[in-house]
Amino acid sequence: MAAKKELKFKDRLNKHYDELKYLYDELFHDEQAFDHFCKILYEYYDQRSSMLKKLDETRENNPDWYQGHELLGMLMYTNAFAGNLKGVKKHLDYIQECGVNYLHLMPLLESPEGKSDGGYAVSDFRKVQPALGTMDDLLDLTNECHKKGLSVCLDFVMNHTSEDHEWAKRARNGEKEYQDRYFFYDNWDIPQEYEKTVPQVFPQTAPGNFTWNEETQKVVMTTFYPYQWDLNYANPIVFNDMTANMLNLCNHGIDIIRLDAVPYIWKELKTTCRNLPQVHTLVRIMRMASEIVCPGTLLLGEVVMEPSKVVPYFGTVEKPECHMLYNVTTMASTWHTVATRDVRLLKHQLETVFALPNQYTFLNYLRCHDDIGWGLEYDYLKQFDIEEVAHKKYLNDYLTGKGYGSDARGELYNDDPKLGDARLVGMTASLVGMEPAIEENDKTKLQRALNYDIMLHAFLYTQSGIPVLYSGDEIGQINDWSYHDDPLKNDDSRYLHRGDLIWEDVEKRHDLNTRQGKFYTALSKLTQIRSKYKVFDSNADTWIVETYNDHILGIGRYYEGQKLIALFNFSENDETAWINEDEDYIDLLTKQPREAKAVGIPAQSFAWLYYEFH
């Protein structure tokens, strides 16, 4: 049995060995480090449980298992959802009832209170935050998820560690070996050279990319926050040990590894330190490492940049990198469209996405744990006399409720008045006007906000890829303004949409006399339709349907004899989609015949028109 096991590993290693060695040598020029890397791969393959190895083989035989139209994700903070990992396990039936089979747990590894950056400042990659449980609790949860057919995603924070990590502590104690795992400088000369070309991530809350460290009397690179020290991936010890940390998570049952801030991981003077070629080499090596040790695991890249920078992280068909990437641009363009009621930018952006190969799998979402950044295609918007800084102000004013006629209730994040570059935060329901409707007890406003929320989720489901719900959105939960009263949270407005799930409201989900019940029931219906009809498959042909109305977005889908015309009205007025399709369609929501000619769409609502060729 042991010989058979070893043979399996050798087969997988041999398949990748030449490329793996070439790329590793290209980066590190260290034969001994490469030999150690291969030993790490075998060690974690050997430790992998028989249950996970069986799952690996099943997925190896069906490498497209994550594509199609079956997966629906949910993103959650463990503590906000259910207190701890055992609590999440207790509520798996609810998660399944939502139609969710892809569970993304926000960072839960050990990080210092008050300097955790929401869990992204990891002080120990081998321990769970004590308040959330233990690594055994994590394994128990993933085992139970696998029994129920759920996949689990977890963030792997690659770019940096907390200043409280063991490596950082030893670096502070003056151990050169550990200082070499970071970027330490005796004075500001080299850091100032970096600052000439490296953009700032948080110019207001954490200006600059370096921090003076009193204990060492040296300067250390801190791209994100001063308490997050950038790792030096030019050091093979760092890469080897971090790969081991990743594989340890995989062996605890994590199916999808989210590579956090991956474009930043390689640093070089006189560059932006973003998206450098070495980053792609590292990701390619990690892809091969996972295919050797745990081929049932997927890599999800977090690349929050313009499309031209995002797509290369898929790699090529012959040399793939990430299995999946976030569709950040469509998300931002969606909220631009909510604020402007003009679909032209969204149409233009979706045309780019629709032109990409079908095997490129995107994660699509409306809201997540993070802010909405306005990295839109301003070169395209110039033709409409839209200027970047003024437009960002307009979007932020509208979505914070300051714009004329706006019932949105968001807040600004990381406001930089000089650059006019504030980002936006808030729950979906609050951004579409739910809060004033509740406060004013206005049934008309409430129905309008519910319609808009449902329409946006229908649009989310119409896109190819994997839709991900943000926990609380399934019941239309609104902002948590109480974070202003918490001294550990009040300096970070993202906590506005990081509140606890209100279980009293979850209990109302089947009561159609409540807004929670109305929304949950409508969303459940959309979820069932998406999973039932093959036309929602990721391999479907997709195109923009011209509606001759700048308020209505039209999307066409075709797959194996099934055709869908989806129409989304972003206007506060009833509008007409001036289309002229010949087939005899039915409305997927009512199952009634509906002509696809000059289709009237109520304000902030949608239609799914379906035809099946025989």
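Searching the whole of this predicted model turns up four cavities of 30 Å³ or more. The largest cavity holds about 190 Å³. It is lined by 17 residues, and V353, F354, Y360, F362 and S464 are the closest to its centre. Two elements each give two or more residues to this lining: helix 15 and strand 14 (361–365). By class, the lining of the largest cavity has seven nonpolar and ten polar residues. No charged residue takes part in it.

The second largest cavity has a volume of about 40 Å³. Its lining is made by C98, E474, Y520, L523, S524 and T527. Here three residues are nonpolar, two are polar and one is charged.

Return now to helix 15, one of the elements at the largest cavity. Helix 15 covers residues 344–354, and helix 14 covers residues 328–340. Their axes come within 9 Å and cross at roughly 165°. Angles over 145 degrees count as roughly antiparallel, so helix 14 is roughly antiparallel to helix 15. The crossing is left-handed.

Which residues of the two helices meet? Helix 14 brings T329, T330, S333, T334, H336 and T337. Helix 15 answers with L345, L346, Q349, L350 and V353. The residues of this contact divide into four nonpolar and seven polar, with no charged ones.

V353 links the two parts of this tour. In helix 15, V353 belongs to the contact with helix 14. V353 is also among the residues closest to the centre of the largest cavity.

Technical notes:
Residues numbered from 1 in each chain as written. Predicted model: local features only at pLDDT ≥ 70, side-chain atom pairs only at ≥ 80, totals over all residues. Heavy atoms only, no water. Axes fitted to C-alpha atoms, helices over the stretch in contact; angles between N-to-C directions. Helix = DSSP H or I, 4+ residues; strand = E, 2+ residues; numbered from the N terminus. Parallel < 35°, antiparallel > 145°, perpendicular 65-115°, else oblique. Left-handed = near helix turned anticlockwise from the far one by under 90°. Contact = heavy atoms within 4.5 Å. Nonpolar A, V, L, I, M, F, W, Y, C, P; charged D, E, K, R; others polar. 1 Å grid on protein atoms, 1.4 Å probe; cavity = no way out; pocket = protein on both sides within 12 Å on 5 of 7 lines; lining within 4 Å. Points joined across faces, edges and corners; volume = space filled by probe spheres on them.
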